[in-house]
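Subject: Structure handover

Hi,

Here is the structure I promised to pass on. My notes on what turned up follow below it.

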Amino acid sequence: MFRISSSLWERIHHYASFPQTGVSLQQMVLFGQNPSQGTLLRGSQFLLEELPVRLAHRVKELDQLPHNLSDMPSINKVKDWYAQSFEELISFPPIRLPPDIRAALLNPPTDPVSLPESFPNPSLSYQYYSDDYGTPPQSPLGIVSTPKNGKNGKNGNGNGNGNGNGGGQKMRIPMERRYYANMSHVKEWPPEVREYNRTFTKTLEAIKKRHDPTVTTVAQGVLEWKRSRNARNINLDVQHWLDRFYMSRIGIRFLIGQHIALNTLQPHPDYVGIICTRANVHDIVQEAIENARFVCEEHYSMFKGPPVQLICPKDLHFAYVPGHLSHICFELLKNSLRAVVERFGPESESFPPIKVVVVEGKEDITIKISDEGGGIPRSAIPLIWTYMYTTMEGQNIDQDFADSDFRAPMAGFGYGLPLSRLYARYFGGDLRLISMDGFGTDVYIHLNRLSSSREPLP
């Protein structure tokens, strides 16, 4: 059984005093193109610096949650996972390199090519989404509605490189100088570099696997807390913390998944790690439609579910993580299909079609999903963005259920919408919902096609 020692707590608090470094999709694509063993080594070194900082922030926060939430067994389990991963990373053995190779890694690139500048994520105009749920709480987590990109913000990112210097946090070297180095002049990398990259990738794979059930385990912890207090809904400050925690998790898993893919996957002309530089929106949405209809037909024992019409240019491409877009569309289509089936009944011979329209603008690619499932009462609109809110009765979380993204059931955990919005916001997009009570609902997915927004790090 893993225990956090007092010396480990000291290291956690030390690392948590540093700001996190946000990266943009553009930067990740440029860095990962045609990677050499030296490039992958620089990537390993960046993650060995960055991941412990991100994990330390989360461990510290998990230990200081309001309303005794930190006392819940499932929350403690997640805290121990994060602390164990933190310890594995900070104790990872350093690489020993010949002097000439070490000098090549430390020298600034002579090539004028550098990482493109990233910009503050537009979804962080105000600190963690205070406008999403109404009045911001006065919480022990310090959530206030001050502009996050200003110089006085707690994690201010106003210097254009994702390194905040407010709130007593220590400064860090800008990412461009740490993460990008032109090493094309090094023709032969010693075998130690390849072995180091292989070993580090194995460590990351083990960490990623350990954290697979984090979403469900935290949900179980919130359920334990609600039962202990006989609460129907969760407090607003807990809601804000869940937004921040899950957004951070998306970022950590993206960085880990990207690094593993760069080290293990065969080169592909359209892929850089898990990022597709020419993601075909039509194909991704069409696959999500087929998957959602299949789950719907299975759940309601139907021969044929409601039809879904897709209006989308077949040659619309942009740089994105297909898994993120697929997840968002799948969750929203599931909601629309369920609403239509429950309004007209599984025995109905015909259903009004769900319409999916995709358009490309100057800044965004927008996907609109429209259904005639009866809509949502105006009083319930704020609730649909809260975790653990669901219109399905009698659902519970199986203790052994370890699916990492809630795709298995038709509905019931109340995580589909809020998590989908976080995925959309992660690279500078958004998710909006407009409902006509008594008729249906329109959901708008906005995706930043410029790929220049850095991660919204809480």
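Helix 3 covers residues 37-62. From first C-alpha to last it reaches 36 Å, close to the 38 Å expected at 1.5 Å a residue.

Please keep in mind that this is a predicted model.

**The chain as a whole**

The chain carries 12 helices and eight strands. It has 458 residues, and 57% of them count as buried. Take the contacts between residues at least 6 apart in sequence: 79% of them join residues at least 24 apart.

**Aromatic pairs**

There are 14 aromatic pairs in the structure. A pair of aromatic rings is described by two values, the distance of the centres and the angle of the planes. Two of the pairs are set out here.

One of them is F92 with F200. Their rings are edge-to-face, 5.3 Å centre to centre, with 70° between the planes. Which parts of the chain does this pair tie together? F92 lies in the loop between helix 4 (73-90) and helix 5 (99-106), while F200 lies in helix 7 (residues 191-210), so the pair ties together parts that are 108 residues apart in sequence. Are the two residues buried or exposed? F92 has 13% relative accessibility; buried means under 20%, so F92 counts as buried. F200 has 0% relative accessibility and therefore also counts as buried.

Another is Y246 with Y415. This pair is edge-to-face too, at 5.6 Å centre to centre and 70° between the planes. The pair links distant parts of the chain, 169 residues apart. Y246 belongs to helix 9 (residues 236-264). Y415 sits in the loop between strand 6 (364-371) and helix 12 (416-426). Both Y246 and Y415 are buried.

Y246 and Y415 also belong to a cluster.

**A charge over a ring**

One more item for your list is R421 and W385. The charged end of R421 sits over the W385 ring, 4.2 Å from the ring centre.

Over to you.

Best wishes

Notes
Residues are numbered from 1 along each chain as its sequence is written. This is a predicted model: local features need pLDDT of at least 70, side-chain atom pairs count only at pLDDT 80 or more; totals for chains, interfaces and linings use all residues. Side-chain values use heavy atoms; hydrogens and water are left out. Helices (H or I, at least four residues) and strands (E, at least two) are DSSP runs, numbered from the N terminus. Buried means under 20% relative accessible area, exposed over 50%, partly exposed in between (1.4 Å probe, protein chains only). Contact means heavy atoms within 4.5 Å. The expected span of a helix is 1.5 Å times one less than its number of residues. Rings of Phe, Tyr and Trp (its six-membered ring) pair if their centres lie within 6.5 Å; planes under 30 degrees apart count as stacked, over 60 as edge-to-face and the rest as tilted. A charge sits over a ring if NZ of Lys or CZ of Arg is within 6 Å of the ring centre and within 35 degrees of the ring normal.
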